[in-house]
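Hello,

Here is the structure I promised to pass on to you. Have a look at it first, and then read on for what turned up in it.

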Amino acid sequence: MSSFTSLPETMPAPGTRWAAAVVLSALLALFTPNVAAVAVDGSTTAQPSGAVQAVDVLETLPVKGRAPKTGYERSLFGPTWADVDQNGCDTRNDILRRDLAEVTYTGSVPCTVKTGVLADPYIGTVINFVRGTTTSSAVQIDHVVALSDAWQKGAQQLTTEQRTAFANDPLNLQATDGPTNQQKGDGDAATWLPPAKAFRCEYVARQVSVKARYSLWVTQAEHDAIAGILASCPGQPAPATVAPAAATAVVYYANCAEAVAAGAAPLYLGTAGYRAGLDGDGDGVACEG
């Protein structure tokens, strides 16, 4: 799912100075593209070919206690859903476009997402997204490393520009079920993990990558929780990017008559063509009459 720079397949014993140099060198290449990797002893190293493992990146993160939450405000991480990449679309719509399949837009410009289908990795369920005042919140954008958690673990020392980048970094963002996102709050890996166990390895690997990218730390409990998860998936890579959802053809029926004429009725929740607007009784089956 993700692309990444890699470490050598053969690593020396953990804790050696050489090992630390190689891991830090690979991280430099991983998180600052087009910059030559330089080891801590000042020597330049060739960019390696094996996978950068999340467990190795985890061991480069400082382990400290939480700093006070005093002074934390959402505004310290820049405007909500800024257009940091200057592509004309705010970050929320960028992530919806990346994570949803069968996307339609409110206008002719592919920017503001109108509808789509999310295969939610956090809960292992398919969610149909429909933009609207009472429906948009069904799909929210989670900060994989929560803003408040980041504030308490190093982000206070970042500039506003760096915090804005953090809050809008695609690696740190994932579309998910609204109630699940609310349940997570500002929890770290020691207090909250995705209900879908199959996604937990990738989830904590992304947390590790994000914290390394922005020079944040972990608490001992958080470190141990992440290490425990990663022990169940040896070789889990530390991602640098998140690939978009697999492209699928858009299936849209303006009304049930069109669905019937196409031989597609009834339409079931999670299948192509289903949308809440066709499901009058909200039972997950549209155009059933």
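This is a predicted model: local features need pLDDT of at least 70, side-chain atom pairs count only at pLDDT 80 or more; totals for chains, interfaces and linings use all residues.

Where does Ala155 sit? Its place is in the loop that runs between helix 4 and helix 5. If we set aside the neighbours within four places in sequence, Ala155 is in contact with Phe77, Ala150, Arg163 and Leu216. Phe166 lies 11 residues from Ala155 in sequence, and the two are 9.1 Å apart in space, C-alpha to C-alpha.

**Helix 5**

Arg163 and Phe166 both belong to helix 5, which spans residues 160-167. The buried residues of this helix are Arg163, Thr164, Phe166 and Ala167. They are on the same side of helix 5 because they cover an arc of only 160° around the axis. In general, an α-helix has 3.6 residues a turn, so residues three or four places apart point the same way. And what do the buried residues of helix 5 pack against? Their partners are strand 4 (139-143), helix 4 (147-151), strand 5 (173-177) and helix 7 (200-213).

**The chain as a whole**

Stepping back, the protein chain has 9 helices and 7 strands. It is made up of 289 residues, and 46% of them count as buried. Among contacts with a separation of 6 or more, 64% come from residues 24 or more positions apart. The chain exposes about 13500 Å², with carbon and sulfur atoms supplying 56% of that area.

Best wishes

Note on methods
Residues are numbered from 1 along each chain as its sequence is written. Side-chain values use heavy atoms; hydrogens and water are left out. Helices (H or I, at least four residues) and strands (E, at least two) are DSSP runs, numbered from the N terminus. Buried means under 20% relative accessible area, exposed over 50%, partly exposed in between (1.4 Å probe, protein chains only). Contact means heavy atoms within 4.5 Å. Accessible areas come from the Shrake-Rupley method with a 1.4 Å probe; for residues, only the protein chains shown count as cover. The arc is that of the directions from the helix axis to the C-beta atoms.
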